[in-house]
Amino acid sequence: MDIYQKIGNLYTEVREHNPLIHHITNYVTANECANIVLALGGSPVMADDIHEVAEMVSISSALVLNLGTLNYANLETMLLAGAKANHLNIPVILDPVGVGSTSFRNKAAQTLVKNIQFAIIRGNTSEIMAVAGIEVHTRGVDSTREFAEGKRVAINLAKRLKSVVAVTGAKDLITDGEHSLICENGHPLLSRVTGTGCMVSSLVGVYAGISTDKLLAATAGIVSMGIAGEKAFQQLQSTDHLGTFRIKLFDQIGSLSTEDFIKWGRLNEL
Amino acid sequence: MDIYQKIGNLYTEVREHNPLIHHITNYVTANECANIVLALGGSPVMADDIHEVAEMVSISSALVLNLGTLNYANLETMLLAGAKANHLNIPVILDPVGVGSTSFRNKAAQTLVKNIQFAIIRGNTSEIMAVAGIEVHTRGVDSTREFAEGKRVAINLAKRLKSVVAVTGAKDLITDGEHSLICENGHPLLSRVTGTGCMVSSLVGVYAGISTDKLLAATAGIVSMGIAGEKAFQQLQSTDHLGTFRIKLFDQIGSLSTEDFIKWGRLNEL
Amino acid sequence: MDIYQKIGNLYTEVREHNPLIHHITNYVTANECANIVLALGGSPVMADDIHEVAEMVSISSALVLNLGTLNYANLETMLLAGAKANHLNIPVILDPVGVGSTSFRNKAAQTLVKNIQFAIIRGNTSEIMAVAGIEVHTRGVDSTREFAEGKRVAINLAKRLKSVVAVTGAKDLITDGEHSLICENGHPLLSRVTGTGCMVSSLVGVYAGISTDKLLAATAGIVSMGIAGEKAFQQLQSTDHLGTFRIKLFDQIGSLSTEDFIKWGRLNEL
């Protein structure tokens, strides 16, 4: 079956199954992540008290760990929730926001990948390289390294961690270490709205919550946001800019179809 | 006087009195709650350090306790703020977000209702049933139980706690244990935007901040959001969806009138 | 050179230099602040764990300390980050949100101005008076005192702290103690959207991140938001209100030009 058909089917199945996606995430983009999960057809829950995360993850279809405003207490909570999810075979997604920018974040990422089996890890080039233990000089959430180098690192990281690894940017790579896809969907304005990376990780979490094919789930999340970005941009009027673009992203994610994936999708094997 | 006229008058009075509404709330929907309070004509303040909440609540017209991203520290802060508000006869509103989903939240809700006299408690069916101590199997913030059962439980809970209890969903029930109203306003898209429940609780808080009639205040908050949802939906164009709908909710809450309550209101006694 | 030309040049330079702006801020408006920084052409990073803020501020062009949802732990973190920024000569901006409303906030503000050399302090009249140690009776984030009194206090505070001090409201004052500017841009709706004050402080932080002229940077941030507010309002259609206005603010901040500053700017020396 064609990959766009598969993604379109997955998109439809999300609405039927309405998976609950548990997030332990940052306070900057938590609202956007909740709304993008709802737009796709899932149910978000954000809970981060150590007294309840194990119980919350037990009723969830996927767990998304996002390091945006990481703090010491949340790291401990993430480890507990991740262990529980692994025990119950619930997929765990890592968004290593800002890893590479401080040694605190670097150590946290190493602790997480050492203790939790991640189904999918999604970040920009700098973040993925930092997760792989390669020294980078990042400035917060911006990627400065080259995509070519990132590809090689991501494939090796996927093999080593037995995770799907996705590097997103102007072009995106999604790999399980064996098979790799390149996605060329997206729009430059996506990089000028905060949380579009976080939202992609949440979309990936939703798809992973209903599919055992993690490479497909990661690809579906990434291509969904890319197409939504292109379609949102196409609808902007002359005086519209970043504010309106951001709102139209939610409009678009909520109204994609198999036809959209076929018409707009720009996926290729590496 | 007709109830829609009463609600319209209350809506006008909010703008005259500009009540300060203190929230101890979650980081997912705090921004939306602040903006909906401003749209209605109140002033929001979010403050949750234990060193200042008693002083902050003292200058406020109402206190809204929202359990969205509840943690152990905030629970203690809520108890302190609630006690102060009770002492000063400032109405306290409880939004038991996600209660029923973990034992931590269940215990927290029991501790809160045992120690604080709430003017109004608003939640979905699962949450209200869990507050009433009935075992539910909820998935985070989604309601799965039937409205009929919820009505009975809500009326008994209102009597027991001497609070107005509101159960919101496709239909809404507002009851003080003696008198009960059913509201049929609203739109299905409201359940696909995060924080619409939280926002209703904040609207209820604003109205409660200027009215001693708590049944009326709770009803006003619920019917305001319901009508805003219907009017917002009516204005959507063909490519608009959840993102634009969310923004138009704020447009509508900010520009309701007595005529709107009369024209759109669908309130009935139980 | 004309001040509007200078501000227009600064606006262009932001896009060339893309300064990283580190925020230790509140969870109510963090998303808005991140998006407004991106709209202006900077890169936001929000990080508040005490283990990483010194390292994060070291790679930043400015540090914004916002007291919106201040808590005891964050105060300690702010002191550490501020000391590091001062040591590295990175400008620090203070937004004393809600100072004047509780003794906890008053003490925190005094501790901060005693221990950190602020490049710029921006607040409403009540907040600035409270920072100056004058007893006010504020209600959260609302300013109740008169602008005239605020002007005198701000000028003295600027002299004493060797900081640029900005008082924003219906009219804005920006002063370094020697020179003072009045800005009459803006629109009343700005006071009915949460976080517009926080966003101004973030814009000020972006400009301060690329300019050693702190009076100019503060003025640029304030006049940018004022003009964006006027232009956003001008574009509203009959059924649009606070929700749409908020979104159009981001559209406008992202598409200003030197011509806009010249055409719309209403700056005068005191």
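Okay, let's start at an interface: chain B and chain A bury about 2,500 Å² between them, 49% of it on carbon and sulfur atoms. Buried area here is the accessible area, taken with a 1.4 Å probe, that two parts lose on being put together, summed over both.

Quick housekeeping before I go on. This is a predicted model, so local features need pLDDT of at least 70 and side-chain atom pairs count only at pLDDT 80 or more, while totals for chains, interfaces and linings use all residues. Residues are numbered from 1 along each chain as its sequence is written, chains are lettered from A and ligands numbered from 1 in the order in which they are written, and side-chain values use heavy atoms, with hydrogens and water left out.

Back to B and A. In terms of contact, meaning heavy atoms within 4.5 Å, 31 residues of chain B touch 35 residues of chain A. The rule finds two salt bridges across this interface; a salt bridge is a side-chain nitrogen of Lys or Arg within 4 Å of a carboxyl oxygen of Asp or Glu. Glu52(A) pairs with Arg105(B), with the closest N and O atoms 2.8 Å apart. Glu32(A) and Arg246(B) also meet in a salt bridge, at 4.0 Å from N to O. That pair crosses between chains, from helix H2 (residues 30-40) of chain A to helix H10 of chain B. By helices I mean DSSP runs of H or I with at least four residues, and by strands runs of E with at least two, numbered from the N terminus. Over all chains, the structure holds 18 salt bridges.

Which elements of chain B give two or more residues to the side that touches chain A? Those are helix H5 (103-115) and helix H10 (242-253), and H10(B) has the largest share, with five residues.

Now turn to chain C. Here 35 residues of chain B are in contact with 31 residues of chain C, and the buried area is about 2,500 Å², with carbon and sulfur atoms giving 49%. Two salt bridges turn up across this interface; one pair is Arg105(C) with Glu52(B), again with the closest N and O atoms 2.8 Å apart. The polar contact count between B and C is 14 residue pairs, both at pLDDT 80 or more. On the side of chain B that touches chain C, the elements giving two or more residues are helix H2 (30-40), strand E2 (43-46), helix H3 (53-58) and H10. H2(B) gives the most, seven residues.

So how do the copies relate? Chain B can be laid on chain C by a turn of 120° and a shift of 0.0 Å along the axis, with an RMSD of 0.0 Å, and the two copies are thus related as by a three-fold rotation axis. The superposition is least squares on C-alpha atoms of residues with pLDDT of at least 70 in both copies. Which residue of chain B comes closest to that axis? Tyr27(B) does, at 3.3 Å for its C-alpha. The copies use different surfaces, with 9% of the contact residues of chain B recurring in chain C.

Last stop, the fold, which I'll show on chain C. There's an open sheet of nine strands in the order E2-E1-E3-E4-E5-E6-E7-E8-E9, with mixed pairing. Two strands pair if DSSP finds at least two bridges between them. E2 (43-46) and E9 (267-269) stand at the edges, each with a single partner strand, so one side of each is left without a neighbour in the sheet. Neighbouring strands are turned by 20° against each other on average, direction ignored; axes are lines fitted to C-alpha atoms, for helices over the stretch in contact, and angles run from 0 to 180 degrees between N-to-C directions.

Zooming in, E5 (residues 120-123) and E6 (residues 164-167) of chain C pair in the parallel sense over four bridges. One bridge partner to look at is Val167(C) in E6(C), for Gly123(C). Helix H7 (residues 147-161) of chain C packs on the sheet, touching E5, E6, E7 (172-175) and E8 (180-183), and its direction makes about 20° with that of E7(C). Helix H9 (residues 214-234) of chain C lies across E5, E6, E7, E8 and E9, running at about 165° to E7(C).

Key: A polar contact is a pair of N or O atoms within 3.5 Å; within protein, one must be able to donate a hydrogen and the other to accept it, and residues adjacent in sequence count only if both atoms are side-chain atoms.
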